[in-house]
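Student: I would like to learn how to read a protein model. Could we go through one together, feature by feature?

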Amino acid sequence: MHICVIGGGLTGLSAALRLSGAHTVTVLEMDAEPGGCLSSYRLPDYAIESLYHHCFSGDVHLRALISELGLSERLEWLKGSTGYMVGGSISPLTTPLEILRYPHLSLLEKIRLGLFVLGSKKADYETLDEIPAERFIREELGDQIYRSFFEPLLKSKFGERRSEVSAAWLMSRIAIRSDRGSEGERLGYIKGGFVELIDALLLRLDEMGCRVETGHRVSSLQAVEDGWMVDGERYDCVISTLPPQETGRLSSLPLPSLPYQGSACLTLATSSDPTDGIYWVNIGDSAPYGAVITHTNLLPFERYGEHIVYIASYYSGTPPDDCEELFISDFCSRFSIPRSSIHWHRLRIEPYAGPVYLTGYRSMIPDPHPAPGLFIAGMFSSENYPERSMDGSVAAGEAIAQSVMEWSP
Ligand SMILES: Cc1cc2nc3c(=O)[nH]c(=O)nc-3n(C[C@H](O)[C@H](O)[C@H](O)COP(=O)(O)OP(=O)(O)OC[C@H]3O[C@@H](n4cnc5c(N)ncnc54)[C@H](O)[C@@H]3O)c2cc1C
């Protein structure tokens with residue numbers, strides 16, 4: 001069969017890998033470089049993801065792919081540290097002792113929070129999918145813990161839609177982020193960056209005869225008698241990794257419109273460390289962004305020779321006007337960083353950064369095979385529920401490839 005894969009992100013490339021060899025596969029990617037959300041800025045001295053990325057020890061599909069591509073020895077496990085900025089100062093929250101010292105909750109509230117976190121691993125996501133996270137936390141932990149601890153986090157991730165997000169999403173996040181020892185979380189990163197994973201995938205695909213066409217934005221997708229026409233070229237079947245509403249728009253099929261949010265992420269390099277040695281700082285104060293992530297507090301500074309910082313925010317609808325300037329001026333004053341110490345900065349706006357996991361999201365997940373010869377997979381797939389990830393996207397790509405192999409036209 002000649003198979004067209006629309007989108008050269010992790011889902012599309014993983015699907016193409018499983019189908020190439022047995023079939024003729026063409027990947028169509030609109031950007032100049034494949035990688036999607038996992039693409040990187042290639043700078044003269046190093047490459048760095050345009051959106052912050054790390055992986056987790058439980059990422060079985062991703063780790064198997066990394067190993068298959070011969071990159072296991074480059075996968076490093078590092079200590080991830082976290083903090084919370086409230087009232088202009090950062091409280092570290094990495095070790096149990098730091099959590100005990102956290103000044104914005106009472107001892108009793110911390111004990112309740114600790115027990116709640118321990119329970120997150122046993123959560124029943126199916127039931128929690130129907131319950132709003134806000135209501136769940138208020139009932140389980142009370143208003144004060146919700147307002148002072150969870151609300152700023154939910155607000156920075158989901159903005160005005162925070163009260164509609166399901167408890168399934170929240171509990172899955174807590175379960176994954178609380179998988180830590182006495183010194184903090186263990187986070188994975190490929191030495192040299194995840195660009196090495198994308199490059200290794202592209203090399204393997206090339207060896208297997210798969211054609212990856214970049215700079216090709218698909219604009220038409222039409223069913224024909226014995227297959228599909230994509231921008232005037234005929235294929236036996238198509239895998240679209242775009243959000244279902246985009247595939248629906250291209251094909252005129254009535255695919256569901258899922259709630260998505262965008263991400264505005266500014267990456268900058270500076271000579272000083274803004275977050276006092278902490279990797280990930282959530283901003284509890286009112287700010288135009290929700291987190292400041294200092295990559296060089298996870299990876300050794302020496303590898304880069306400058307501090308690499310992400311200023312991260314999510315948005316619904318359209319990104320804030322002039323957010324590059326807004327982020328930089330707020331960041332410089334909030335973190336006392338002179339503008340002159342910023343070596344370079346780049347903004348990435350990603351309109352489809354991830355689904356908003358509203359209550360009932362599980363039942364909104366679309367059929368992966370909505371029409372004969374048309375398959376859909378991506379961040380919205382069941383493998384990425386209740387939170388999208390690199391691991392979920394590899395799993396979604398592999399599962400959709402399997403469905404294609406089991407399908408006979
Ligand atoms: C800010 C942010 C931080 C993240 N951090 C982490 C992390 O730390 N750990 C983790 O595990 N996961 C993380 N993720 C999630 C992870 O990046 C994604 O789950 C994964 O990369 C998604 O891959 P995908 O192929 O499903 O989608 P995408 O990467 O979105 O790929 C879709 C591709 O389709 C292309 N495309 C779109 N329209 C067209 C068209 N008309 N024609 C042709 N091509 C088109 C796009 O350019 C893109 O390359 C993060 C995501 C974001 C947004």
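Student: What is 2.5 Å from an oxygen atom of the ligand?

Tutor: A polar contact is a pair of N or O atoms within 3.5 Å; within protein, one must be able to donate a hydrogen and the other to accept it, and residues adjacent in sequence count only if both atoms are side-chain atoms. Here, an N or O atom in the side chain of E29 is 2.5 Å from an oxygen atom of the ligand. A polar side-chain atom of H53 lies 2.7 Å from a ligand oxygen atom, and for C37 a backbone N or O atom lies 2.8 Å from an oxygen atom of the ligand. The protein covers 92% of the 1000 Å² of accessible area that the ligand has on its own (Shrake-Rupley method, 1.4 Å probe; for residues, only the protein chains shown count as cover).

Tutor: Before we go on, keep in mind that this is a predicted model: local features need pLDDT of at least 70, side-chain atom pairs count only at pLDDT 80 or more, and totals for chains, interfaces and linings use all residues. Residues are numbered from 1 along each chain as its sequence is written, and side-chain values use heavy atoms, leaving out hydrogens and water.

Student: Which residues come nearest to the ligand?

Tutor: A residue is near a molecule or strand if one of its heavy atoms lies within 4 Å of it. Of the 28 residues around the ligand, the nearest are T11, E29, C37, H53 and M390. By class, this shell has 12 nonpolar, 12 polar and four charged residues (Ala, Val, Leu, Ile, Met, Phe, Trp, Tyr, Cys and Pro count as nonpolar; Asp, Glu, Lys and Arg as charged; the others, Gly among them, as polar). Helices α1 and α13 each supply at least two residues of the shell. Helices (H or I, at least four residues) and strands (E, at least two) are DSSP runs, numbered from the N terminus.

Student: Why is helix α1 largely enclosed by the rest of the structure?

Tutor: Buried means under 20% relative accessible area, exposed over 50%, and partly exposed in between (1.4 Å probe, protein chains only). Nine of the 10 residues of α1 (residues 10–19) are buried, so the rest of the structure largely encloses this helix. The buried residues of α1 pack against several elements, including β1 (2–6), α2 (60–68) and α13 (390–406).

Student: Is S14 buried or exposed?

Tutor: S14, found in helix α1, counts as buried because its relative accessibility is 1%. Contact means heavy atoms within 4.5 Å; leaving aside neighbours within four places in sequence, S14 is in contact with L65, V394, G397 and E398.

Student: Which residues have the most contacts inside the largest nonpolar core?

Tutor: A nonpolar core is a set of buried Ala, Val, Leu, Ile, Met, Phe, Trp, Tyr and Cys residues joined through side-chain atoms within 4.5 Å. The largest has 62 residues, and I48, L197 and I239 have the most contacts inside it. A second, separate core of 35 residues includes Y102, I137, V165 and F380.

Student: What should I know about backbone angles?

Tutor: Most residues other than glycine have a negative phi, and most peptide bonds are trans. D276 has a positive phi, near 50 degrees, and lies in the loop between β15 (260–270) and β16 (280–283). At 60% relative accessibility, D276 counts as exposed. Y385 and P386 are joined by a cis peptide bond, with omega about 0 degrees.
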